[in-house]
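This report goes through one structure part by part. The sequence and the model come next, and the text follows.

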Amino acid sequence: MKAHPANLKYAIDIGSPPSLPVAGSDVRFPVGRIYCVGRNYAEHAREMGHDPNREPPFFFMKAANSIAQNNSTLAYPVATKDLHHEIELVVAIGKGGKNIPVEEALEHVWGYGVGLDMTRRDIQGEAKKMGRPWEMGKSFDESAPCSALKSAAEIGHPAKGAIWVKVNGVLKQQGDLAQQIWSVPEQIAYLSGLITLAAGDLIFTGTPSGVGAVRPGDRLEGHVDGVGDLAIAYAR
Ligand code: MN
C-alpha cells in the first residue's frame, strides 16, 4: 500500500491515530485496524453453541478508535443490556504483508498486549438470528480496552501461559494460550491470505470460555502470563 505524502493538506483535522502506550517507554504504538478472531478456544466455541472442530478461522473487525486505555473508567455502553467481557491476547503487527507463510509469520509481529473484546451480546445475538453483520455488537465506543504493549524483542512470542479475567475480584474466564485452536502464526498466515496486513494492525486472538455479563460499576482485571495486566472499570 502506498504511503501518504507528508505535505498533504486536509479539509478537516481528525487528530493523531488511535494509539497504545509501549510499556516502559514514552513512545506509542499507532493502531491501524483491529481484526478479531472468532471462536478460537474450543470451550468457548461450545459455550456459544458451536462445534469446536477445526473449521477455518473467521475474522471480524472493530474500528481502530474502539481502543480504550488501561486503568480507565469507561461509560457503560449505550443500547445494550447484556455487555460481555472476552479476555484476549492481542498481537501488534509491525510489518505488513500478504500470503505470509506460517513459518515467517512471527517476523511480522511487533509485540503483544492484553485486550478485552467487549461485546454487546444482545445486539450480536439479534444480528446472528437475522443473518445480519455483527458490527454493532462488536465495534462501538471503547469496545476494545487494551493494555500497554510489550515488544517481542523484550518478551518473545508467548504460545502458552495463563489468560484470565476477574470481575469485581471474582475469576470469570480462565484458560491457557496453548488452548488456541489456531495459533498466532496460523492466524497471521490465514488473515494475510484474505487481506494485506499492515504495520499498526492489531489482532485480538480469541477468548477462552466463561464469557459473561458486565454491569455498571463493575471492575475488570485481565492478565496474560508474560504479557501484562489490564484493569478497567465501568461507571455506575
Ligand atoms: Mn472475541
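Leaving aside its neighbours within four places in sequence, Ser-139 touches Met-61, Lys-62, Ala-63 and Ser-66, where contact means heavy atoms within 4.5 Å. The model is a predicted one, in which local features need pLDDT of at least 70 and side-chain atom pairs count only at pLDDT 80 or more, while totals for chains, interfaces and linings use all residues. Residues are numbered from 1 along each chain as its sequence is written, and side-chain values use heavy atoms, with hydrogens and water left out.

**Ser-139**

Ser-139 sits in the loop between helix H3 (135-138) and strand E11 (144-146). Helices (H or I, at least four residues) and strands (E, at least two) are DSSP runs, numbered from the N terminus. Ser-139 counts as buried because its relative accessibility is 15%; buried means under 20% relative accessible area, exposed over 50% and partly exposed in between, with a 1.4 Å probe and protein chains only. The side chain of Ser-139 also reaches the backbone nitrogen of Ala-63, at 2.9 Å.

**The manganese site**

Which residues are the protein donors of the manganese ion? They are Glu-86 (OE), Glu-88 (OE) and Asp-117 (OD), lying 2.1 Å from the ion. Donors are N, O and S atoms within 2.8 Å of the metal (3.2 Å for Na, K and Ca); water is not among the atoms, so sites may look incomplete. Along the chain the donors follow the spacing E-x1-E-x28-D. Glu-86 lies in the loop between strand E7 (83-85) and E8, and Asp-117 in the loop between E9 and strand E10 (119-120), so this pair ties together parts that are 31 residues apart in sequence. Glu-86 and Asp-117 are both buried.

**Strands**

Of the eight residues in strand E9 (residues 109-116), seven are buried. E9 runs antiparallel to strand E8 (residues 87-93), with seven bridges joining them, and also antiparallel to strand E12 (residues 150-151), with two bridges. Two strands pair if DSSP finds at least two bridges between them.

A separate set of pairings is an open sheet of three strands in the order E10-E7-E16, with antiparallel pairing. Its edge strands are E10 and strand E16 (212-214), each pairing on one side only. E7 and E10 are joined by two bridges. Residue partners from these pairings are listed below.

| Residue | Partner | Strand of the partner |
|---|---|---|
| Tyr-112 | Lys-150 | E12 |
| His-84 | Thr-119 | E10 |

**Helix H2**

In helix H2 (residues 121-130), the buried residues are Arg-121, Gln-124 and Ala-127. Seen down the axis of H2, they fall within an arc of 125°, so they line one face of the helix; the arc is that of the directions from the helix axis to the C-beta atoms. These buried residues pack against E7, E10 and H3. Just after H2, Gly-131 takes a positive phi of about 70°.

**Cysteines**

How many disulfides does the structure hold? There are zero, a disulfide being a pair of cysteine sulfur atoms within 2.5 Å. The cysteine sulfur closest to that of Cys-36 is in Cys-146, 11 Å away, which is too far for a bond. Cys-36 is buried, with a relative accessible area of 0%. Cys-146 is likewise buried, with a relative accessible area of 0%.

How values were computed:
A polar contact is a pair of N or O atoms within 3.5 Å; within protein, one must be able to donate a hydrogen and the other to accept it, and residues adjacent in sequence count only if both atoms are side-chain atoms.
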